[in-house]
Amino acid sequence: MPLTIHPVTSALWPQLETLFGPQGACYGCWCSYFRLSPKQREAMTKDDKKALLKQATEAPLAPGLIALDDGVPVGWVQVTPRAHVPRWNTDRTVSKPLEGDDPSDPGLWAISCFFIQSRRRGQGISHVLLDAAVAHAKDNGARVIEACPIEKAKQSKSVGLFVGSVAIFEKAGFRTVVERKIGRPLMRRMLA
């Protein structure tokens, strides 16, 4: 697959904006689901969430990676230190840290969201993005990278796969470390 993968900096914001479209991917989420508490998200408009993600692209560490096919944006993965996705770390989520892990540890990373252009779903783009996300995390000091994918979706091209599928993570060398909810394992890959 002739894709190029890049960290989403402010220079690539227009491509991410194009990929997410006017609705902001996943019903106006703009990849805020794990970045904000439910109350914070409810208080924000779609434009507020968009501005929050745009601001993240201006930080020294990109909030994720974008896949381009001959310059056309076709996919996104949010890959960050766990500290950047606070909702991922709460006691009420299946992705909460393992006992003894400190979510503020800069070496503990999370792959929390994918978004693939609807007509390109099912073509292996998530596999390419996942491999690039692991490399990006390792290059930026990650020792451990985790994900909390879904075992099965109602449809193979479902938007509900925004957390990724267990199968792609297994193929990339991730292993289940705990399953707090059936079908939503916390998976981990050691990088150092």
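The legends below describe close-up views of a predicted model.

**View 1**
Strands of a sheet pair through backbone hydrogen bonds, in either a parallel or an antiparallel arrangement.

Within it, T4 stands opposite L68 of strand 2. Strand 2 is also joined to strand 3 by six bridges, and these two strands run antiparallel, with L65 standing opposite V77 of strand 3. Two residues lie between strand 2 and strand 3, which together form a hairpin, and D70 in the turn has a positive phi of about 55°.

Seven bridges pair strand 3 with strand 4 in the antiparallel sense. P81 has W109 of strand 4 as its bridge partner, while V77 has F114 of strand 4 as its partner. On to strand 5, the pairing of strand 4 is parallel and comprises four bridges, and here the bridge partner of I111 is A147 in strand 5. Nine of the 10 residues of strand 3 are buried, so strand 3 is largely enclosed by the rest of the structure. For strand 4, nine of the nine residues are buried, and therefore strand 4 too is largely enclosed by the rest of the structure.

**View 1. Helix 1 and its buried side.**
Which residues of helix 1 are buried? They are W13, L16, L19 and F20, and because these buried residues cover an arc of only 120° around the axis, they are placed on the same side of helix 1. The buried residues of helix 1 pack against helix 3 (46-57) as well as against strand 2, strand 3 and strand 4. Just after helix 1 comes G21, which takes a positive phi of about 70°.

F114 is found in strand 4. Is F114 buried or exposed? At 5% relative accessibility, F114 counts as buried, because the cut-off for a buried residue is under 20% relative accessible area. Apart from its neighbours within four places in sequence, F114 is in contact with W76, V77, S126, L129, L130, F162, V163, G164, I168 and F169. F114 and G64 are 50 residues apart in sequence, and their C-alpha atoms are 9.5 Å apart in space.

A pair of aromatic rings is described by the distance of the centres and by the angle of the planes. The structure holds eight aromatic pairs, and one of them, formed by F169 and F174, is edge-to-face, with 5.0 Å from centre to centre and 85° between the planes. F169 is buried, with a relative accessible area of 0%, and F174 is likewise buried, with a relative accessible area of 0%. Elsewhere, ring pairs link W13, F20, W30, W76 and F115 into a cluster.

**View 2. Arginines over aromatic rings.**
R121 lies over the face of F115, at 5.5 Å from the ring centre, and F115 is one of the residues that ring pairs link into a cluster. R87 lies over the face of Y33, at 4.4 Å from the ring centre.

Note on methods. Residues are numbered from 1 along each chain as its sequence is written. This is a predicted model: local features need pLDDT of at least 70, side-chain atom pairs count only at pLDDT 80 or more; totals for chains, interfaces and linings use all residues. Side-chain values use heavy atoms; hydrogens and water are left out. Rings of Phe, Tyr and Trp (its six-membered ring) pair if their centres lie within 6.5 Å; planes under 30 degrees apart count as stacked, over 60 as edge-to-face and the rest as tilted. Buried means under 20% relative accessible area, exposed over 50%, partly exposed in between (1.4 Å probe, protein chains only). A charge sits over a ring if NZ of Lys or CZ of Arg is within 6 Å of the ring centre and within 35 degrees of the ring normal. Two strands pair if DSSP finds at least two bridges between them. The arc is that of the directions from the helix axis to the C-beta atoms. Contact means heavy atoms within 4.5 Å.
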